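Subject: Structure handover

Hello,

Here is the structure I promised to pass on. Please have it open while you read.

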Amino acid sequence: MNNFWDQRFSAVEYVYGTAPNSFVAAMALRIPAGPVLCLAEGEGRNAVHLAQLGHAVTAVDQSAVGLAKAARLAQEQGVALTTVVADLADFAITPGAWEGIIVTFGHLSPPLRRKVHAQVVAGLRPGGVFLLEAYTPAQLAFGTGGPKDRELLMTLQELREELTGLEFEHALECERDVIEGTYHTGRGAVVQILARKPV
Ligand SMILES: C[S@@+](CC[C@H](N)C(=O)[O-])C[C@H]1O[C@@H](n2cnc3c(N)ncnc32)[C@H](O)[C@@H]1O
């Protein structure tokens, strides 16, 4: 166990819960049938939900501890899940392979985030969708979860620039109650996007 996330996920409980993120749940039916890639997926709550909807899901995270919990949740729910332990700095998203790519609260450094988002655009099949929810810099005033470093937070404008080539069907910065397990504990400032690759 060698990093912050392995330590956090070593708790017995699922620290962000086992229910899917509510934005992912609300948008899930807009993902075309087929393979879905969940990035920075942690303990697997979104991946398992999407597998239950019939998608062939691959979950990637740097935390082996988190993904072991994801695999266990999938097994308990009777669905298949492929897990890949990898730092996103080293993980290559296969171009043109995915009907959906999902990330919730994956707060990467801006250079890595830009690199991953360029791969997301290339990785989607035509008609495929990218779903993201993350904290914005305004979250620093709330103290209800997320990183304390402005660099790791993101704005809708930054995402629009990084995801050139996708069509934004849902693009929103808002305040909402984010209550997910132990570490997302209340009113928060988030950005949400559903962006589709043109057919
Ligand atoms: C706040 S948790 C969110 C987990 C999951 N997406 C969810 O919403 O339940 C952030 C996750 O990002 C992962 N992560 C952070 N930096 C990463 C990187 N460079 N490569 C892979 N995973 C990373 C962590 O291991 C952790 O699982």
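My notes on the ligand, the pocket and the cavity follow.

This is a predicted model, where local features need pLDDT of at least 70, side-chain atom pairs count only at pLDDT 80 or more, and totals for chains, interfaces and linings use all residues. Residues are numbered from 1 along each chain as its sequence is written, and side-chain values use heavy atoms, with hydrogens and water left out.

The ligand

There are 16 residues around the ligand. A residue counts as near if one of its heavy atoms lies within 4 Å of the molecule. Ala40, Arg45, Asp61, Leu88 and Thr104 come nearest. By class, this shell holds nine nonpolar, three polar and four charged residues. Here Ala, Val, Leu, Ile, Met, Phe, Trp, Tyr, Cys and Pro count as nonpolar, Asp, Glu, Lys and Arg as charged, and the others, Gly among them, as polar.

Now the atom pairs. A ligand nitrogen is 2.7 Å from a polar backbone atom of Ala40. A ligand nitrogen also lies 2.8 Å from a polar backbone atom of Leu88. At Thr104, an N or O atom of the side chain is 2.6 Å from a ligand oxygen. Taken alone, the ligand exposes 580 Å², and the protein buries 94% of that (Shrake-Rupley method, 1.4 Å probe).

The pocket

The ligand sits in the largest pocket (more than half of its atoms lie within 2 Å of the grid points). A pocket is an open set of points on a 1 Å grid over the protein atoms alone, with protein on both sides within 12 Å along at least five of seven lines; lining residues have an atom within 4 Å of a point. The volume, the space filled by probe spheres set on the points, is about 720 Å³. Of its 31 lining residues, Trp5, Ala40, Phe105, Gly106 and His107 are the closest to the centre. α1 (4–9) and α3 (45–52) each give two or more residues to the lining. α1 gives the most, with four. The lining has 13 nonpolar, 11 polar and seven charged residues.

The cavity

A cavity is a set of grid points where a 1.4 Å probe fits but cannot get out. The whole structure has one of 30 Å³ or more. About 60 Å³ of space lies in the largest cavity. Its lining includes Leu39, Leu88, Val103 and Phe130. α5 (110–123) and β5 (124–135) give two or more residues to that lining. α5 gives the most, with four residues. By class, the lining has eight nonpolar, two polar and one charged residues.

Best wishes

Terms used: Polar contact = N/O pair within 3.5 Å; in protein donor to acceptor, adjacent residues only side chain to side chain.
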